[in-house]
Amino acid sequence: YYNREFPLAATPYAKNEEASFSYKADSMFTVSATDTLVLSKTGFYHFQLNETTKNGFTLFSFYNEFPLITRKQNLGPPLRYLTTKEEFAGINDTSDQKMKLAVDKFWLRMAGNVDRGKALVSAYYGRVEDANLFFTSYLEGWKTDRGIIYVVLGPPTEVRRNEYQEIWIYGDPNSSLSYVYTFTKLKNPFSSNDFALNRSTNYRYGWAQAIESWRNGQIYSIKEIKRAQDER
């Protein structure tokens, strides 16, 4: 059984740093193939025939409604991608009820009015749920490298895949102005759905534009990327 606090995905222009992972389990137990197993704790459980090999299968246990965002305490953490450290501390370091009020206040301030705020909330958390559905491995999908790109930029124009990589293209695939994000598949004994972004400082300008768009009350998507490319 593993119960770890994993960091959120860093911005795409941050320095690539591979975090070390300790494969030593937090606790171990033995079950029979005829046992009825109840996963009472959140985290993940890796099952193997013996202690000499990591080969086996893994079960991930999140909150009951996962991949949906239905609880008040689940509203605050995904805002880390759009907020400053000070803003996030004010939103996340509160009780569930106060967090909900802080989240509402944040979106209303960004949107300028209630109707636009509702549209922003629906779009943003809809992407968080999609990321949970598509990219979850040993941590929730929105926390992963693919998750942060999907939540902030939306679905790419085109995805190219091979055995080792996924390449996401935003904008005209034939244009030099397109945003191209390359994700490399990692060897992970617990999941075959673990990918790391090849980060670059070249992403800084486009990323800042996307964050600014959200904070100005506009849902950022491929339309905004194409519009900016046409203007350039």
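Trainee: In this predicted model, with which residue does Arg4 form a salt bridge?
Mentor: A salt bridge requires a side-chain nitrogen of Lys or Arg within 4 Å of a carboxyl oxygen of Asp or Glu. The closest N and O atoms of the pair in question are 3.2 Å apart. The partner of Arg4 in this salt bridge is Asp26.

Trainee: How many residues apart are Arg4 and Asp26?
Mentor: Both residues lie in the segment before strand S1, which spans residues 43-47.

Trainee: Is Asp26 buried, exposed or partly exposed?
Mentor: Buried means under 20% relative accessible area and exposed means over 50%, with partly exposed in between. The relative accessible area of Asp26 is 41%. Because this value lies between the two cut-offs, Asp26 is classed as partly exposed.

Trainee: How far apart are the closest N and O atoms of Arg71 and Glu65?
Mentor: Arg71 is partly exposed, at 28% relative accessibility. Glu65 is also partly exposed, at 30%. These two residues form a salt bridge, and the distance between their closest N and O atoms is 2.9 Å.

Trainee: Which residue forms a salt bridge with Glu158?
Mentor: Glu158 is partly exposed, with 28% relative accessibility. The closest N and O atoms of the pair are 2.6 Å apart, and the partner is Arg160.

Trainee: Is Glu224 buried or exposed?
Mentor: Glu224 is found in helix H6, residues 222-231. Its relative accessibility is 14%. Because buried means under 20%, Glu224 counts as buried.

Trainee: Which residue's side chain is joined to that of Glu224 by a polar contact of 2.9 Å?
Mentor: Leaving aside neighbours within four places in sequence, Glu224 is in contact with Gln218 and Ile219. A polar contact of 3.3 Å joins its side chain to that of Arg227. The polar contact of 2.9 Å joins the side chain of Glu224 to that of Ser221.

Note on methods
Residues are numbered from 1 along each chain as its sequence is written. This is a predicted model: local features need pLDDT of at least 70, side-chain atom pairs count only at pLDDT 80 or more; totals for chains, interfaces and linings use all residues. Side-chain values use heavy atoms; hydrogens and water are left out. Helices (H or I, at least four residues) and strands (E, at least two) are DSSP runs, numbered from the N terminus. Buried means under 20% relative accessible area, exposed over 50%, partly exposed in between (1.4 Å probe, protein chains only). A polar contact is a pair of N or O atoms within 3.5 Å; within protein, one must be able to donate a hydrogen and the other to accept it, and residues adjacent in sequence count only if both atoms are side-chain atoms. Contact means heavy atoms within 4.5 Å.
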